[in-house]
Amino acid sequence: MILLNNNNSILFANESSGDDGSAFSLWNPFELKPEIGSIIVVTIILIALLIYYNISMKKLDPKDPPKGIAFFIFNLIGTFKNLIHESLGKEFVKFTPYFLTVFAYIFLCNIISVVGYENPTSLTTVTFSLGINTTIGMIIIGIKYQKSSFFYRFLFKFYIPTKNGNKIMIPYCFNPFGVMDLITPWISMSLRLWANIMAGALIIGLFYALPMVFFKHNPTSTVPKPEIILFSLFAIPLHGFLDWLIGGIQAYVFVVLTMCYWNTCAEIEDENYLEKLKKKNALSKLIESANKRNEENVTLINSGRID
């Protein structure tokens, strides 16, 4: 078997020390990757921005608008609140901090390579960790809004109509497709984010390899050449497009897909439970309107308009 060592030189499997002939002979799960340092830097940046925004808003006069970075964060929060309210409804506005944090984290991970750090989202470990949070949220929201009917998706079932017009559900077998409905979004979102960021990194890497192909440039040379400087100028808009624009789009798409998956889990599929919920909501509305009328009558009596 042909392998690559740390110097990117080719060696056969039997030439490496302690090799058992498998592809995992050089795999070290406890090796400190440079992406770990990037994750730490991104986390520190996010914490610093949150602390700065918190301090700025506390010192701000309620009559004055925020300024600087606080103004940008304030508008970003308002944009996400409106997006969540239109996409998911008023009840999900409380999840704005989570969606905004995920967006900021992915965006910073995508653009941190501009300053020389490794891109964390080019690792499947990072993208799959972000995707599993979406899956866990799907389960929690499904149980909260659908109650026990959420678990019906994991069963094959049929319905028997009754005389009063309702239907009785009879489960008879485990449904593996229900499990796939939870696993598929996790895999697709994670691989989609990883593939897009990895593709951009490969394009930039191929661009930087062009001087070595056309001009026989030695990458270890410290003496700058005119053609290398020219290529560096062309790399600026390429980084702006692949890192900033595409990185921002991928972060936004990841958040929007999470909203869509959570919204589907909040929809009630069981007809009997949906009918009970409608009756309960109708009764609660009647009680609320009656209480409101009573309060209005008490107010009129206190004001002396009704004897």
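**The whole chain**

Please note at the outset that the model is predicted. Begin with the whole chain displayed as a cartoon. Its secondary structure consists of seven helices and four strands. The chain has 307 residues, and 28% of them are buried.

**First stop: the largest pocket**

Select Leu 46, Leu 49, Ile 73, Leu 76 and Ala 104. Of the 16 residues that line the largest pocket, these five lie nearest its centre. The volume of this pocket is about 510 Å³. Now colour the helices α1 (34–59), α2 and α3, which are the elements that give two or more residues to the lining. Which of them gives the most? The answer is α3, with seven residues.

While α2 is coloured, select Ala 70, which belongs to that helix. Is Ala 70 buried or exposed? Its relative accessible area is 2%, so Ala 70 counts as buried. Ala 70 and Leu 50 are 20 residues apart in sequence, and their C-alpha atoms are 9.4 Å apart in space.

**Second stop: the aromatic rings**

Show the side chains of Phe 92, Phe 95, Tyr 98, Phe 99, Tyr 145 and Trp 262. Ring pairs link these six residues into a cluster. The count of aromatic pairs comes to 10. For the pair Phe 92 and Phe 95, the ring centres are 5.7 Å apart and the planes stand at 35°, so this pair is tilted. Phe 92 has a relative accessible area of 3% and is therefore buried, whereas Phe 95, at 24%, is partly exposed.

Keep Phe 92 selected and turn to its pairing with Tyr 145. Why does this pair count as stacked? The ring centres of Phe 92 and Tyr 145 are 5.6 Å apart and their planes are at 15°, so the pair is stacked; the cut-off for stacking is an angle under 30 degrees. Phe 92 lies in the loop between α2 (69–87) and α3 (96–111), while Tyr 145 lies in helix α4 (residues 124–146), so the pair ties together parts that are 53 residues apart in sequence. Both Phe 92 and Tyr 145 are buried.

Select Phe 150, which is located in the loop between α4 and β3 (155–161). With a relative accessible area of 1%, Phe 150 is buried. Phe 150 and Glu 267 are separated by 117 residues in sequence, yet their C-alpha atoms are 9.7 Å apart.

How many cavities of 30 Å³ or more does a search of the whole structure find? It finds one. To locate the largest cavity, select Met 189, Arg 192, Leu 193, Gln 250, Phe 254 and Leu 257, which line it. Its volume is about 40 Å³. Helices α5 (176–214) and α6 each supply at least two residues of the lining.

Two further residues may be visited in these helices. Pro 211 is found in helix α5 and, at 6% relative accessibility, counts as buried. The C-alpha atoms of Pro 211 and Glu 227 are separated by 7.7 Å, although the two residues are 16 apart along the chain. Gly 240 is in helix α6. At 29% relative accessibility, Gly 240 counts as partly exposed.

**Last stop: a nonpolar patch**

Finally, switch to a surface display and select Ile 229, Leu 230, Leu 233, Phe 234 and Ile 236. These residues form a nonpolar patch on the surface, with about 520 Å² of accessible area together. Ile 229 belongs to helix α6 (residues 226–266).

How values were computed:
Residues numbered from 1 in each chain as written. Predicted model: local features only at pLDDT ≥ 70, side-chain atom pairs only at ≥ 80, totals over all residues. Heavy atoms only, no water. Patch = residues over 30% accessible without salt bridge, like charges linked within 9 Å, V, L, I, M, F, W, Y side chains within 5 Å. Areas by Shrake-Rupley, 256 points an atom, 1.4 Å probe, with all protein chains shown as cover. Salt bridge = Lys/Arg side-chain N within 4 Å of Asp/Glu carboxyl O. Phe/Tyr/Trp six-rings, centres within 6.5 Å; stacked < 30°, edge-to-face > 60°. Buried < 20%, exposed > 50% of the residue type's maximum accessible area, 1.4 Å probe, protein only. 1 Å grid on protein atoms, 1.4 Å probe; cavity = no way out; pocket = protein on both sides within 12 Å on 5 of 7 lines; lining within 4 Å. Points joined across faces, edges and corners; volume = space filled by probe spheres on them.
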